[in-house]
Amino acid sequence: MFGIEKTPELHIEKLVEGFREVRRVLRPDGVLWLNYGDKYTGGGNGGGKQDTNPGSHGALTAKCMPDGNLLMLPARVALALQADGWILRDDVIWAKAISFNSKYSGSTMPESVNGWRWERHRIKVKAGWGKDNPHPSKGNSGRSRMGNNGGVFNTQAKYKDCPGCEKCEGNGGLVLRKGSWRCTKAHEHIFQFTKTNDYFCDMEAVKEGLIKGAAGSRFDKGKTATNGEYRSQEGYRDNSSGRNLRNVWTINPRGYKDAHYATYPEKLVEPCIKVSTSAKGVCPKCGSQWARIVETKQQHYRKPGYKSKTASGKEYGGKLYDSMYSNETATLGWKATCNCQSSTCAQGIENRQLEPVPALVLDPFMGSGTTAVVAAKLGRNYFGCEINPEYKKNHIDHRVREVETGVNKDEARAGQGALFE
């Protein structure tokens, strides 16, 4: 079973073997997207605790490496897959949360990384009867269970200040906690692997809209510290229909209410499927994808410019920059990338028999079925593998059925069926 190996070497060896089978069935123009997180030796938190959760790659221990070391597993896996024949095209960073940014912070799981600090020494109070109880136990009626003396039953232990002991009395009731520190883990890697360099990709499907005048954009050229204005440069070109996707994605994690240890949000899967599979579909005979027919036009327009100024405010240069060019791309239609249409016409087969069919998405580790759900929403076919039958029964079947029929899990369990099946 993947994820319970004792060493990184064994873990990576199994992954390479598994993805070798994926490469065997993948089309030459196919793409593999691999989302992979990291781990520390001795446990998931880097503090030396043993962690046997399969979702965190087990309690891995690297040779000649003490506990608390970051294993750099994503890099190790990527290098191993490269050595096995895969072509690594990109390393996308999934930024779940970021710092030093006033517009976006994101969210991530909290971690015990408190560092060194003096704290008030507190002692645990056992469960039992008491008047001061923040967690009273409730009976069948919903009321708190009361004792004869008016107290309530404390079901959870609580803490109170230590009255004084050998640990804290010499420091004014304080104790020194020596915790570890590092930045909270807020990113994962998404590797783009291909079988060949002749792989399908649809850039237009994942283009981002432009924000004119935004700091750092192409329209930011010519901004000066003296006047803060923007200068349009003569002959400067930009694509007003959108820009190519960057390889740092700020996407918030999304919780999954049912029991599953590692789920990623649907928004993380969408660009991977959109750019690697044709929205129009594939040839039903040979499986080749249909590509867009695009038309790019250069649009020229004039924008008021200004003369550059020196630090003293004097103008120089004498030329006013006001010409702007924009390349606008439009999709006119779709066309097959194979010759099956022409060859079948020669055999007298009607063209309608070769209308494209949905592209196929494979997920070798389905888990809760998020990839299949997104594939269904985007109109793609899907196929997957999952070693745990409980995941298929309790997660995948219900989630995919809900997308395809509109009947959610609770309604399906109650016997509600789709109106048309």
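The model is predicted: local features need pLDDT of at least 70, side-chain atom pairs count only at pLDDT 80 or more, and totals for chains, interfaces and linings use all residues. Residues are numbered from 1 along each chain as its sequence is written, and side-chain values use heavy atoms, with hydrogens and water left out.

**Exercise 1.** Describe the surroundings of Thr277.

Step 1. Thr277 belongs to the loop between helix H3 (266–276) and strand E12 (290–302). Helices (H or I, at least four residues) and strands (E, at least two) are DSSP runs, numbered from the N terminus.

Step 2. With a relative accessible area of 8%, Thr277 is buried. Buried means under 20% relative accessible area, exposed over 50%, and partly exposed in between (1.4 Å probe, protein chains only).

Step 3. The Thr277 side chain also reaches the backbone oxygen of Ile273 at 2.6 Å. A polar contact is a pair of N or O atoms within 3.5 Å; within protein, one must be able to donate a hydrogen and the other to accept it, and residues adjacent in sequence count only if both atoms are side-chain atoms.

Step 4. Not counting residues up to four places away in sequence, Thr277 touches Phe200, Gln289, Ala359, Val361 and Arg380. Contact means heavy atoms within 4.5 Å.

**Exercise 2.** Which residues does Leu378 touch, not counting residues up to four places away in sequence?

Step 1. Leu378 is placed in the loop between helix H5 (370–377) and strand E15 (381–384), and is partly exposed at 24% relative accessible area.

Step 2. Its contacts are Glu270, Ile273 and Lys274.

Step 3. Leu378 and Ile273 are 105 residues apart along the chain, and their C-alpha atoms are separated by 8.4 Å.

**Exercise 3.** Classify the aromatic pair of Phe19 and Phe365.

Step 1. Four aromatic pairs occur in the structure. Rings of Phe, Tyr and Trp (its six-membered ring) pair if their centres lie within 6.5 Å; planes under 30 degrees apart count as stacked, over 60 as edge-to-face and the rest as tilted.

Step 2. The ring centres of Phe19 and Phe365 are 5.8 Å apart and the planes stand at 65 degrees, so the pair is edge-to-face.

Step 3. Phe19 lies in helix H1 (residues 8–25) and Phe365 in the loop between strand E14 (360–363) and H5, so the pair ties together parts that are 346 residues apart in sequence.

Step 4. Phe19 is buried at 2% relative accessibility, whereas Phe365 is partly exposed at 39%.
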